[in-house]
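Hi,

Here is the structure I promised to pass on.

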Amino acid sequence: MKSLPYFCRGEVIRGFGRGSKELGIPTANFPDSVVDHLPADISTGIYYGWACVGNGDVYKMVMSIGWNPYYKNTKKSMETHVIQTFKEDFYGEILSVVMVGYIRPERSYDSLEALIAAINNDIEEAKVKLELPEHLKLKEDNFFNSVTSLSSTLPPTAASTSQTIMNGH
């Protein structure tokens with residue numbers, strides 16, 4: 001995927017409400033405006049990278065992009081699991097992510113337990129891969145220092161050091 005690493009940012013919205021409740025793995029969801037601007041070569045599946053809530057610290061993350069076949073969604077989503085425990089929800093905050101690598105395609109599972117096991121395997125794989133020097137350097141990218149305010153009137157851009165909301169690489 002030539003679009004990786006891919007930088008994007010958006011407001012955290014309420015999703016399907018399954019991450020924390022059913023899976024025990026909370027996720028932050030991007031609005032349709034972010035999902036709709038993904039490059040064509042970013043296929044559905046599981047990705048890993050870095051995430052930052054607001055102006056906070058940068059943490060490892062895994063992200064599911066797609067239709068969540070186990071749940072048979074009809075709407076494509078981007079659900080980010082930040083590998084960090086937060087004291088409370090952060091709906092309405094700005095989430096900045098850099099997707100740096102692809103783990104696997106999305107697929108359905110025979111049981112909720114099998115889905116949870118697969119997600120936990122994805123998390124462990126992400127933790128290992130993000131320790132590689134080429135991925136660690138992206139944790140320090142200026143993109144994570146450029147959160148100001150969210151404006152829906154700003155167009156997506158590919159410049160990772162811009163002071164605006166962006167989607168690009």
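Keep in mind that this is a predicted model. I'll start with Y102, which is partly exposed at a relative accessible area of 26%.

F143 and F144 make another edge-to-face pair, at 5.4 Å centre to centre and 65° between the planes. F143 is buried with 0% relative accessibility, and F144 is buried too, at 5%. Ring pairs also bring in F7, giving a cluster of F7, F143 and F144. In total the count is six aromatic pairs.

Two arginines sit over rings as well: the charged end of R9 is over F143, 4.1 Å from the ring centre, and R14 lies over the face of Y91 at 3.9 Å.

Y91 turns up again in the largest pocket, being one of the residues nearest its centre, along with S20, P26, T27 and D89. That pocket holds about 480 Å³ of space and has 24 lining residues. Helix 1 (19-23), strand 2 (28-29) and strand 5 (77-82) each give two or more residues to the lining, with strand 5 giving the most, four. By class, the lining has eight nonpolar, ten polar and six charged residues.

On the cysteine side, C8 is buried at 0% and so is C52, also at 0%. A search of the whole structure turned up zero disulfides.

Cheers

Definitions and conventions. Residues are numbered from 1 along each chain as its sequence is written. This is a predicted model: local features need pLDDT of at least 70, side-chain atom pairs count only at pLDDT 80 or more; totals for chains, interfaces and linings use all residues. Side-chain values use heavy atoms; hydrogens and water are left out. A disulfide is a pair of cysteine sulfur atoms within 2.5 Å. Buried means under 20% relative accessible area, exposed over 50%, partly exposed in between (1.4 Å probe, protein chains only). On a 1 Å grid over the protein atoms alone, a cavity is a set of points where a 1.4 Å probe fits but cannot get out, and a pocket is an open set with protein on both sides within 12 Å along at least five of seven lines; lining residues have an atom within 4 Å of a point. Grid points are joined across faces, edges and corners, and a volume is the space filled by probe spheres set on the points. Ala, Val, Leu, Ile, Met, Phe, Trp, Tyr, Cys and Pro count as nonpolar, Asp, Glu, Lys and Arg as charged, and the others, Gly among them, as polar. Rings of Phe, Tyr and Trp (its six-membered ring) pair if their centres lie within 6.5 Å; planes under 30 degrees apart count as stacked, over 60 as edge-to-face and the rest as tilted. A charge sits over a ring if NZ of Lys or CZ of Arg is within 6 Å of the ring centre and within 35 degrees of the ring normal.
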